[in-house]
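User: I am new to this structure and would like a guided reading of it. Please take me through its main features in questions and answers.

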Amino acid sequence: MSKILDNLKYSESHEWVKVEDNIAFVGVTDFAQKEMGDITYVDMPEEGDDVLAGEEFGALESVKASSELISPVSGTVVLVNSELEDAPEKVNEDAYGAWIIKVEMSMPSELDKLMDAAAYKKMIGE
Amino acid sequence: MSENLIPLEQLQKTCLYDSHVALGAKMSPFAGFMMPIQYDSITIEHNAVRQHVGMFDVSHMGEIFVKGPEAEAFINHIFTNDIRGFEPGKVLYGMMCYPDGGTVDDLLVYREYLANHFLLVVNAANIDKDFAWIQEHAKGFDCKLDNASPRIGQIALQGPEAEKTIIEVLGYKEAADLAFYTFCDVEYNGERLILSRTGYTGEDGFEIYTTNENIVEIWDKFLKAGVQPCGLGCRDTLRFEAGLPLYGDELSPEITPVMAGLGMFCKYEKDFIGKQALLDQKAGSLEKKLVGIEIEDKAIPRAGYPVETPEGEEVGVVTTGYHSISLDKSICFALVKKEYSALDTPLCIRIRKKVFPGKVVKKRFYQTNYKK
């Protein structure tokens, strides 16, 4: 069983969002990290880059495969989690602790299109 | 790839399928078979082979027996390497080529202890194509062909502890005397077992061929002895580090042995199908060459990513790439224009939106540990 946290929003492409004021923390779900296996590299944007909801902002790489990261919200990247550059395995160890980017949202109403924990749980069939 | 086009119910299963499922392996279609990709993790399995011993179900591979007074002449006609004068008990690697030099398959040829008997071991994905090719070109030669692939199972036992494991678990003391690329015939349950000191990992090891029933028993014995089961995931990372090509990635109807840098397995003092085309490529008509590239980053160059010069001109494409588990470097094989193939040539890989600088390095990334 994959871990799902109640206080987060979820996207169909398995990103989670935690909202603090106008800032969205974005990471990938526990289900996603299990599917990927050992993550060896996190390809992240630069601080100051603009991201668009539904568009690629980076990628996760495991030994065998790479998987695009899709931004659940639009806005500007205010911080990337530079800790993941040297320790990408943190995504495997604690998917909800290992946020990847912090986004200053330009359209917070986009959050309404994301799933809550119950809907995400249903989507992954667990 | 074409895997997705084969309906699930038409995929073949090897004799060890039930064991893989019982072990909880992640299964996936490969070469028309449902095969284990990993049991624990690719990294754990990879390191088991490099440091201790691991075993692979390679029962999907094809075995074709060729025998008869003209078997040797026939094989030499379709095989790039030269089997004349190579002794019983020896194994030779080489390719079969089309007249234009493109590769039909890469394979092992075993010269059996019985006179005029040979065994060809071919890639699973190519069994039908190869057997049709062999049948067609055997016309006019006095030899008999037998595609024994469905009857024969195979385990590859690989790693520095492979010899010890064979002797302790199966009792074949002969293993200690086998040099790399030689084999001997032994018996298991009264049936023939071919014990071959070969492999596809860059480590010492053995490939065992016998009946499907025997293979299931032997697999269980190795499991009980603590041998790490290994899936196709680490088979690919291991062979890649050792600089070994995979048919479909580094060899294909479009990629000749000369392009792939496998000219040492082509012998031109005899005739074989495709010889003239390969000679022409050697003489200068070659346009592309397979190289190794190392990049200065942890990003991973994957198959299909473009290779560019530092000025941004696209000059090739990645065929296989990983962040190497044994070397902790991001490396790949790439097919590039010949003029960019010299060692240390600066080349870049475009990975998604970014360009990562690197340079041409030797294809054998990992120092292999074969038994002399």
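Predicted model: local features only at pLDDT ≥ 70, side-chain atom pairs only at ≥ 80, totals over all residues.

Analyst: Residues are numbered from 1 along each chain as its sequence is written, and chains are lettered from A and ligands numbered from 1 in the order in which they are written.

User: How many helices and strands are there in chain B?

Analyst: Helices (H or I, at least four residues) and strands (E, at least two) are DSSP runs, numbered from the N terminus. On that basis chain B has eight helices and 19 strands.

User: What is the radius of gyration of chain B, which has 372 residues?

Analyst: The radius of gyration is taken over C-alpha atoms, and the globule rule is 2.2 Å times the number of residues to the power 0.38. For 372 residues the rule gives 21 Å, and the value for chain B is close to this, so chain B is as compact as a globular protein of that length. The radius of gyration of chain B is 21 Å.

User: What percentage of the residues in chain B is buried?

Analyst: A residue is buried if 20 or more other C-beta atoms lie within 10 Å of its own, exposed if 12 or fewer, and partly exposed in between, with C-beta atoms placed from the backbone. Of the 372 residues in chain B, the buried ones make up 48%.

User: How many Å separate the centres of the two domains of chain B?

Analyst: Domain bounds come from an automatic or database domain assignment. For chain B the assignment gives domain 1 (1-285) and domain 2 (287-361). Taken over C-alpha atoms, their centres are separated by 28 Å.

User: Which element gives the largest share of the side of domain 1 of chain B that touches domain 2 of chain B?

Analyst: Two residues are in contact if their C-beta atoms, placed from the backbone, lie within 7 Å. This contact takes 14 residues from domain 1 of chain B and 13 residues from domain 2 of chain B. On the domain 1 side, α2 and α7 of chain B are the elements that give two or more residues. The largest share, four residues, comes from α2(B).

User: Which elements of chain B each supply at least two residues of the side that touches chain A?

Analyst: The contact between the chains takes 13 residues from chain B and 10 residues from chain A. At least two residues each of the chain B side come from α2 (42-51), α7 (232-241) and β16 (314-323).

User: Is A:D21 buried or exposed?

Analyst: A:D21 is found in the loop between β2 (15-20) and β3 (23-28) of chain A. Its phi is positive, about 55°, although A:D21 is not a glycine. With 8 other C-beta atoms within 10 Å, A:D21 is exposed.

User: What is the distance in space between B:G102 and B:S252?

Analyst: B:G102 lies in the loop between β5 (91-97) and β6 (103-111) of chain B. B:G102 and B:S252 are 150 residues apart in sequence. From C-alpha to C-alpha, B:G102 and B:S252 are 6.4 Å apart.
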